[in-house]
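Here's a quick briefing for anyone meeting this structure for the first time. Have a look at the model, then read on.

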Protein chains: 2
Amino acid sequence: MIRVLVVHETRLVRSGLAALLRDEEGIDAIAACWASAPGKARSFQPQVCVVDGDSARSGQPTSHPGGPGCALLVLASSCRPGTLRRAVAAKARGFVDKDAPPARFRHAINQVAAGQRYVDHTLTLDFLQAADMPLTARELTVLSLAAGGASVPEIARELHLSSGTVRNYMAAINRKTGARNRVDAIRISQGAGWL
Amino acid sequence: MIRVLVVHETRLVRSGLAALLRDEEGIDAIAACWASAPGKARSFQPQVCVVDGDSARSGQPTSHPGGPGCALLVLASSCRPGTLRRAVAAKARGFVDKDAPPARFRHAINQVAAGQRYVDHTLTLDFLQAADMPLTARELTVLSLAAGGASVPEIARELHLSSGTVRNYMAAINRKTGARNRVDAIRISQGAGWL
């Protein structure tokens, strides 16, 4: 029996994903929110932990609530290379497209539980793009503060920079993301999962 | 037997929600994406159609892919009054919190299929806020263009207004939403589901 812990912030979604997995004989799945996941992982001892890759914070690897013996399987939206990048940083062993049919999701669970890697073929192009992150860590920090509603002087104060330097960063970000302005750069970067 | 059509843009999510409903005796549920939903509704003839309220477009009512005899049940995130407002405009009969336990979701399906209304108690406060939409239709249009990356002159051209008038709208939007600037107003309005 493969024990799977499904972690998602939305209760009906995580319950639904666990129900999908339990439809397969040989899989036992329970669901948890992020806050309760580490505790549930300790008592349930899952072999596979499924998490929503899009829930990872900018610049941080995807969380892995399971222990060292537990494989991480990440659900990812296509066209969001930033999500894959954070999942790779978390040493995920499986990558499944959120738009995959349920049978493929269950197959991936079986593969990963058997010690194999699994990468959904529909995510291949995103992996190529994920290797080619356009923004530096500093630029990401600047853009992430801007996305939170901070003005240029506020960002400058927060990062101990001059306003001119922050404006230079913003110009570089716009150029690299092909954005028309700051709002556009935030929109594009959030869409790609970089932010 | 209650026939339910679950519509969501993400395949694993809609499949999972349908699996949750099928766990209850007396409910038959199938899943569809938005594009295939009207066709599936014609052949399956569901009594209840479940849709993700957050997928509705700014300023438009939530789509109802079922026919006139089919009740609409909307899944809504709490703290997004704009989602509820669009669901009310679509004459939804049921409103279920996405964070509700699966049993409550199934109970809501039964209620709505029996001709009753169902409103999740955790959404009550959001309904009060939904009645109190802070932005006018014109302000929403301006903010929605800004969120798409348009500059003030571009918005002015699109809406046949002067740049000064657009700036006045933006100032009113910032004041009403309590935002520090344009990026902040977009962030706050998207979070509330107004945009």
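Let's start with two helices of chain A: the axes of helix H7 (residues 152-159) and helix H8 (residues 163-177) come within 8 Å and cross at roughly 105°. H7(A) and H8(A) are therefore roughly perpendicular to each other. Keep in mind that this is a predicted model, where local features need pLDDT of at least 70, side-chain atom pairs count only at pLDDT 80 or more, and totals for chains, interfaces and linings use all residues. Residues are numbered from 1 along each chain as its sequence is written, chains are lettered from A and ligands numbered from 1 in the order in which they are written, and side-chain values use heavy atoms, leaving out hydrogens and water.

**How the helices are described**
- Helices are DSSP runs (H or I, at least four residues), as are strands (E, at least two), numbered from the N terminus.
- Axes are lines fitted to C-alpha atoms, for helices over the stretch in contact, with angles from 0 to 180 degrees between N-to-C directions.
- Roughly perpendicular covers 65 to 115 degrees, while under 35 is roughly parallel, over 145 roughly antiparallel and the rest oblique.

**H7 against H8 in chain A**
- On the H7(A) side, the contact is made by A:Val152, A:Pro153, A:Ile155 and A:Ala156, and H8(A) brings A:Ser163, A:Val166 and A:Arg167. Contact means heavy atoms within 4.5 Å.
- Those residues split into five nonpolar, one polar and one charged. Here Ala, Val, Leu, Ile, Met, Phe, Trp, Tyr, Cys and Pro count as nonpolar, Asp, Glu, Lys and Arg as charged, and the others, Gly among them, as polar.

**Domains of chain A**
- Chain A divides into domain 1 (2-130) and domain 2 (137-192), with bounds from an automatic or database domain assignment.
- Their centres, taken over C-alpha atoms, are 31 Å apart.
- Six residues of domain 1 touch five of domain 2.

**Where chains A and B meet**
- Helix H1 (residues 11-22) of chain A and helix H1 (residues 11-22) of chain B have axes that come within 7 Å and cross at roughly 80°. That makes H1(A) roughly perpendicular to H1(B).
- Among the residues meeting there are A:Leu12 and A:Gly16 from H1(A), and B:Leu12 and B:Gly16 from H1(B).
- This contact has ten nonpolar, four polar and no charged residues.
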